[in-house]
Amino acid sequence: MKNAALFIVDVQNDFLPGGALAVPRGDEVIEPVNRLISSFDTVLASKDWHPPRTLHFDQWPVHCVRGTEGAAFPPGLNISRIQKIFLKGTGYADDGYSAFEATNEDLESYLRIRGIDRLVVTGLATDYCVKATAIAAARKGFEVYVVKEAVRAVNLQPDDEQKAFEEMQAAGVRIISENQIHRL
Ligand code: VGL
Ligand code: ZN
C-alpha cells in the first residue's frame, strides 16, 4: 500500500496471557497482524523497553524490562518484514506510551523522510499505547487507521476500551475492520 505503513505496537510476551502485564486476549492480535503484513511495503513496530527501575513501575507491575524475555516478540508473530523497531519508555521518568516518544530513533522523521503519510495501527494495548500512538500521529497530521480486530485493551475499568475508541475517533483516527484494508 503506497504511502502507508503498518505499525505494530508492543506485541511483546509480557502483554500476552501468562505475561507480567497480560492484556486479556492479547494473543488474539497476532493472527490479524500476521495477515495484514502482506498488504504493506513498510512494516514498523514499537517495543515497550523499560529500565529495571523506573517510576512507570509505581503504576504498573514490572514488565518489558529491556533485553528480557518478557520484552521479546512472541514466537507466533511474523517479524521477518519489520524494518525498524522503535523503543520507548526507556528512561527513569518516561512512561513512553506513544511510539512517537521512542528514544532510539525519531518516528516522525523516519516516516516523513520516506514519504509515509498514512499509518495503520495495530497491537497492544488499545487503551494505552495504541491510543497514545494513534492520537499523536493524528495530531501530527498523519492519516491514521486502527484495525479493531488487531488491537486488545487492558480494561482496568470495563469501558476503557470503548472510551479509547471514542477518544481516538474524536482526534480524527478512523477505526476500521480488517476487511476494509484493501479499500484505504
Ligand atoms: C502499555 C501499560 C504500561 C502498553 C505499556 O503498551 O499499552 N500499557 N506500559
Ligand atoms: Zn510499560
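**View 1. Zinc ion (ligand 2) and its protein donors in a predicted model.** Four residues supply the donors: Asp 48 (OD), His 50 (NE2), His 56 (NE2) and His 63 (NE2). They lie 2.1 to 2.2 Å from the zinc ion. Donors are N, O and S atoms within 2.8 Å of the metal (3.2 Å for Na, K and Ca); water is not among the atoms, so sites may look incomplete. Along the sequence, the donor residues follow the spacing D-x1-H-x5-H-x6-H. Asp 48 and His 50 are both buried (buried is under 20% relative accessible area, exposed over 50%, partly exposed in between; 1.4 Å probe, protein chains only).

**View 2. The salt bridge of Asp 10 and Lys 88.** These side chains meet at 2.7 Å, N to O. A salt bridge puts a side-chain nitrogen of Lys or Arg within 4 Å of a carboxyl oxygen of Asp or Glu. Asp 10 sits in the loop between strand 1 (4-9) and helix 1 (30-37), Lys 88 in strand 3 (residues 84-88). The two are 78 residues apart. Helices (H or I, at least four residues) and strands (E, at least two) are DSSP runs, numbered from the N terminus. Asp 10 counts as buried because its relative accessibility is 0%. Lys 88 is buried too, at 0%.

**View 3. The salt bridge of Glu 28 and Arg 152.** Their closest N and O atoms are 2.7 Å apart. Glu 28 lies in the loop between strand 1 and helix 1, and Arg 152 in strand 5 (residues 143-152), so the pair ties together parts 124 residues apart in sequence. Glu 28 is partly exposed, at 34% relative accessible area. Arg 152 is buried, at 13%.

**View 4. Helix 4 beside helix 5.** Helix 4 (residues 126-139) and helix 5 (residues 160-170) pack at about 0°, their axes 10 Å apart. Axes are lines fitted to C-alpha atoms, for helices over the stretch in contact; angles run from 0 to 180 degrees between N-to-C directions. The two helices are therefore roughly parallel (under 35 degrees; over 145 is roughly antiparallel, 65 to 115 roughly perpendicular, the rest oblique).

**Notes.** Residues are numbered from 1 along each chain as its sequence is written, and ligands from 1 in the order in which they are written. Local features need pLDDT of at least 70, side-chain atom pairs 80 or more, and side-chain values use heavy atoms, without hydrogens and water.
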